[in-house]
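Colleague: I am new to reading models. Can we go through this one together, term by term?

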Amino acid sequence: MEMNPISNPLNELLNHWQTDPALRDNLIHRHVQPAASAQWTDFPEDVNPKLIAALEKMGFPRLFSHQKTAWDFIQQGMNVVITTGTASGKTLAYNLPVLDRFLEDDNSCVLYLFPTKALAQDQEHSLRSFLMALDERRGIEKYPGLYDGDTPQEKRRSIRREARFVFTNPDMLHRGILPFHTSWERFFSNLRFVIIDEIHTYRGVFGSHVANVIRRLKRIARFYGSNPQFIMTSATIANPQEFSEKLVEEDVKLISTDGSPHGKRNFVLYNPPIVQEELGIRRNPMVETVRLCDDLLASHIQTLIFARSRKLVEFTLKNLQQYYPEQSDNILSYRSGYLPLERRQIEKRIKEGTARVVVATNALELGIDIGGLDAIMMMGYPGSISGFRQQAGRAGRKERESLVVMVASSTPLDQFLLQHADYLFASPVEHALIQPDNLIILFQHIRCAVFELPFEKNENFGNLDPKIFTELLEVLKMAENVHFSGDKYYWVSAQYPAGEISLRTAGDRTFLLQDETDGKLHNIGVIDEPSAYWMVHPQAVYFHAGQSYLVKEMDFEHAGVKLVQTSDDYYTEPKQKMSVERMKSLVQDTLPIGEKTFGEIKVRSQVTGYKKIDFNHGEVLSTHELEMPETQLITTGTWLAIDDKIIDKLREMQLWNDDRNYYGANWNEQRLKVMNRDGYTCQVCGRTDTGANLHVHHKIPFKNFTSSLEANNLNNLITLCSNCHRKAETVVRVKSGLGGLGYTFHHLAPLLLMCDYLDIGIFTDPNATITDGKPCVLLYDQVPAGIGLSESIFKNFHILIENAYELVSHCQCKVGCPSCVGAPGEHGTGAKVYTRELLQLMRN
């Protein structure tokens, strides 16, 4: 497409897409967000005049209404959470009261917590600019301090000695500050504010850890005589006030009305064309993104493309630069791993407009200052509605019109959202969940807290039940980690507990992950033992910080995993043998189809192999055998038991295929004929044996026939050994309606939970022990003791059912595909019709 620059290229581009026969059918939904004018307010009368002069010098003549609201609440001593949009001035909302106190109180100190190093560096730079406008030259040099793993030792000493604004992250606070609080006495004694930015990122296991780190922080602050206010920011979620109050265990005021301006935003949801109709496979989203980017470049529209991994960022950059060699210097990438100077240069070029296209991970989703861009493209749904809105919020310079395009993938969640775009644009549905009192996580942080300060006999830890807290201290006492004397519990172990605890995992024993790509070992992270068996087994593809790694070696004895970086375009999914035991039913409810239960369970699992799955289309490329140790997980889950009368009804309709096969009256006769014909020899591997150790296999699955005589025709039967039979059944296994139901639930649940689908486990069984032999679908927390995910599923099960029914009913495939109930086996029958009928019965 050739187009000259015009005053409003966006409208001409959209008109072109809507009339282009090659594109228009793929524009599934268009949404317009109207422009919004700024809601201004004058500076409060009690703001220090120096601050007003500095703000006017920086180009801020007045405040937005939400900034004024934040000021008023904070001046009244309240804790606040601000949930206004991207680039709405949240930084000024918290820095204004912070710097006002700085000017009034020569000793006041502030702790800034950010989820990433890049964001902490950006915000420290922003504060320095403010101090420069205040002409606080001495403050610029001494008072802001960036304290993370990269900070040199000499710099750390000066920060502890002099800094009044400390910028860090939860991991560093946990391991490098709180355990050494005696070196920070000056800082903690004068701590007035704690700023926690982007709190929606502190959910799940990570957030549950962070909530306990904040408990420890508050305890140390009290010890030194301070009681800081909490100022928090968050992307749009359904429960910001409830979530923030649970995170800091304080009353919190919500500020959600956005007073900042933005231009008209045009949203386009684009579905790549189907390239294999029978399997429902669509064209690669990256290919389509590059294709659409051609028009954006021709229209001189500056564009930011979001990709979900570092690998995809680099693939896309390479394709764009090869496709547009004359523009290659102006097509850049931005991701974690770049040096601060490199990031600053890219950010500068984005602001100046000389970077025409930038491909980035969600490192640019958070509050880094890059101004606004003309267009945003997303390669696939970002994983959460808050992430979608954060990324979309990057579009638009002040009040200029902008464009947001989401190019969908073939995953069930992407396809569901194309059918139900209101989820993206209406009120938020995602609940951020944490469980600070998860016993495993809690116990780890109590160990850290005792190490930091002795506990008084009647002292508590946050809002924890005092009885539980005392019991946990007694456990530590019996383990000889603590000693009780003079009505106090003292840490006496030689261990440094914080050094052993990762905020990213829940288990006690962890496996160290080491990258050996360059021949040297580099530590890249840790993973808890239960997760290690299925996430980093030998030959697994593991994703970390957007980079994909291939597992080369797993050392069970020394709890180590060696990996190498890979650019292969597939991921792995473990095959597991599972059993589930019901430990305790906590809540039950009756549904039209059966009974749903939330309770405590024990999951026994063993990884027996893995599948290689195409990264872009979800196709199974190959399967491989593997044998790993059995693991046990005690957690919480929500399960559905399907009533016998429902199964009888489905059988009558010939819509139930999860029964064990009855092969007909002539089966034994046919079986002996086949083995005799084949010389009692496996026709795949050549193993010869007695009939007792040989199986007879249906080439076309028995369940595909209405007559057992047709199914048992000698031409459809073959002799196999038990091992080859198992492999054959894996390939041609009929995908059951129950399995389709589990697949769909598993992929749609994150829409309600604001989590990754790997945070949730799935188990289906037509004869489950946990439901006393009835067919069962179980969703459970992949975290010991649970963190509230399956409990939320129990409460919102009706929404999950409706979403699943809509997805399956509207999918264009014939028998099932990766976008709805999962792909059928190579020669098997899909589960679409069975799954749809089960969902229909659930809705009645």
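Modeller: Start with strand E22 (residues 510-515) and strand E23 (residues 522-528), which pair antiparallel over six bridges. This is a predicted model, where local features need pLDDT of at least 70, side-chain atom pairs count only at pLDDT 80 or more, and totals for chains, interfaces and linings use all residues. Residues are numbered from 1 along each chain as its sequence is written, and side-chain values use heavy atoms, without hydrogens and water.

Colleague: Why are E22 and E23 said to pair?

Modeller: Strands pair if DSSP finds at least two bridges between them. E22 and E23 have six bridges, so they pair. In one of them, Thr510 is the partner of Asp528 in E23.

Colleague: What lies between E22 and E23?

Modeller: Six residues, and the two strands form a hairpin. Gly519 in the turn has a positive phi of about 90 degrees.

Colleague: Why do E19 and E20 stand at the edges?

Modeller: Their open sheet has three strands in the order E19-E21-E20, paired antiparallel. E19 (455-456) and E20 (482-485) each have a single partner strand, so one side of each has no neighbour in the sheet. Two bridges join E19 to E21 (residues 488-491). Phe455 stands opposite Tyr489 in E21.

Colleague: How confident is the predictor in the chain?

Modeller: pLDDT is its confidence in each residue, from 0 to 100. The chain averages 87, and 91% of the residues score at least 70.

Methods:
Helices (H or I, at least four residues) and strands (E, at least two) are DSSP runs, numbered from the N terminus.
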